[in-house]
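Have the model open as you read.

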Amino acid sequence: MSKHSATTAPPSTSAPAPPPDATAPAPRHWLRAGWVMTASGWSANQFSALLGAYRSDLGLTTAGTTALFGIYVLGLIPGLLLGGPLADRRGRRPVVFLALGTSALATCLLMIGPTASAFLWPGRFLTGIGAGALLAAGSAWITELSSPPHGTAPNPGVAARRSGLFLSAGFATGGLAASLIAQWAPHPMVTAYVPHLVLTAVAALCAARAPESSPARSGTESAAVASVAPEERRAPARAFRRMVAPVAPWVFIAPAVAFATLPGLVDGELKGWETVYAGVITAVTPGAGIIVAPFARSLAARHRVATGSIGLAAVALGLLVSALAAAQAQPVIALLASVVLGAGYGLCVAYGLTEVAALAPPHQLARLTSYFWTMAYLGFLAPYVITLFTGVFSPPAILIGAAVLAVVTLAAVTVRAEN
């Protein structure tokens, strides 16, 4: 026997072990966390569908209901600006669960509103606080859970757009459910809020099974971030100001006009169906935003700003159709306008989230996301601005002027993209 044959180990009779998790499906942690965004959208829009009921049943004036609609934004902005940086420092999960609790408390205060209308104001304010923190922390959480090592999204754009789809689903269903309950259920301004409490509990249970994607940074990580050159740290902020900030307000100008302005301009023809009509609009508008999601992906693949440009064009067209609906007091035309405005909303939010995901370094994702949502939600002040200007200009003229501003924004973003 040769030396080689004597020292060669016998071949193993066992089959080689397969790579770990080679055939196991990737966990869909982003799907578990996504319901918190749906709860956020639901909490924002359930009130919108009840504006007519508050005017008729509680005797609130149009200016009062519009102010209640707008105070949501006053709570939302600090929720965003505090929730984003806090989620970057402490992690996504604690901020999300704190925000869910705040949102549930806000809904309980709104349910007291029919017997003590003073509770509507803190209820709406806390709704904004909770929704803002959920948007900042939840958007970053879903984006990170969609991407490696937690998920298998092919690029940051796909990961970022998922949070927008969950949010749109909440917008679409929350308003419609509230309006249908308000139309036919007893004690409508109490029972209309019950589904949100149920959804919040379900979202919390689902999110509890999702891992933390961005734990609080250690001192070593903080030192590494601090060592980045100042110019490199400023670059994402500069790009955000140039390419994202101009588009962001139009994200919610479009649905705010559809939700809070259009129904009041055409409901004289509805005769008892005002609440259901408002609910249909609050479903159709974000529903159109969901439908255009595949189109947004194809546009993003063709050109960096194509999604935002087409979105702004759709917003401008939707505002022009809204002006026609207001001039003729036609609910059908207003419904068509809400579809076009919803498409513009969907494209603009997809563009903004995709750009933020591409621009933000990991340690600043929630912070930059919160800046985007803050700029976007300024658009919810549009109905209040329209109400202020109505004393000087007619509603159709105001809507036409807004369409012109959308076209100017479109031109500015297009020019900057070429430079």
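Let's begin with Asp88 and Arg92: both are buried (under 20% relative accessible area with a 1.4 Å probe and protein chains only; exposed is over 50%, partly exposed in between). This is a predicted model, in which local features need pLDDT of at least 70 and side-chain atom pairs count only at pLDDT 80 or more, while totals for chains, interfaces and linings use all residues. Residues are numbered from 1 along each chain as its sequence is written, and side-chain values use heavy atoms, with hydrogens and water left out.

**Salt bridges**

Side chains of opposite charge can pair when their charged atoms come close. Counting a salt bridge as a side-chain nitrogen of Lys or Arg within 4 Å of a carboxyl oxygen of Asp or Glu, the model has two:

| Pair | Closest N and O atoms |
|---|---|
| Asp88 and Arg92 | 2.8 Å |
| Arg92 and Glu144 | 2.5 Å |

Arg92 lies in helix α5 (residues 92-112) and Glu144 in helix α6, so this pair ties together parts that are 52 residues apart in sequence. Helices here are DSSP runs (H or I, at least four residues), numbered from the N terminus. Glu144 is buried, as is Arg92, and Asp88, Arg92 and Glu144 are linked in a network of salt bridges.

On a 1 Å grid over the protein atoms alone, a cavity is a set of points where a 1.4 Å probe fits but cannot get out; a pocket is an open set with protein on both sides within 12 Å along at least five of seven lines, and lining residues have an atom within 4 Å of a point. Volumes are the space filled by probe spheres set on the points, which are joined across faces, edges and corners.

One cavity of 30 Å³ or more turns up, and the largest cavity has a volume of about 40 Å³. Its lining includes Ser139, Thr143, Leu353 and Thr369, and α6 (120-146), α16 (331-359) and α17 (365-377) each supply at least two of the lining residues.

The second largest pocket has a volume of about 320 Å³. Of its 17 lining residues, Ile253, Ala382, Val385, Ala402 and Leu405 are the closest to its centre. Which helix gives the most to this lining? That is α19, with seven residues.

**An exposed residue**

Val392 is found in the loop between α18 and α19. Why does Val392 count as exposed? Because its relative accessibility is 65%.
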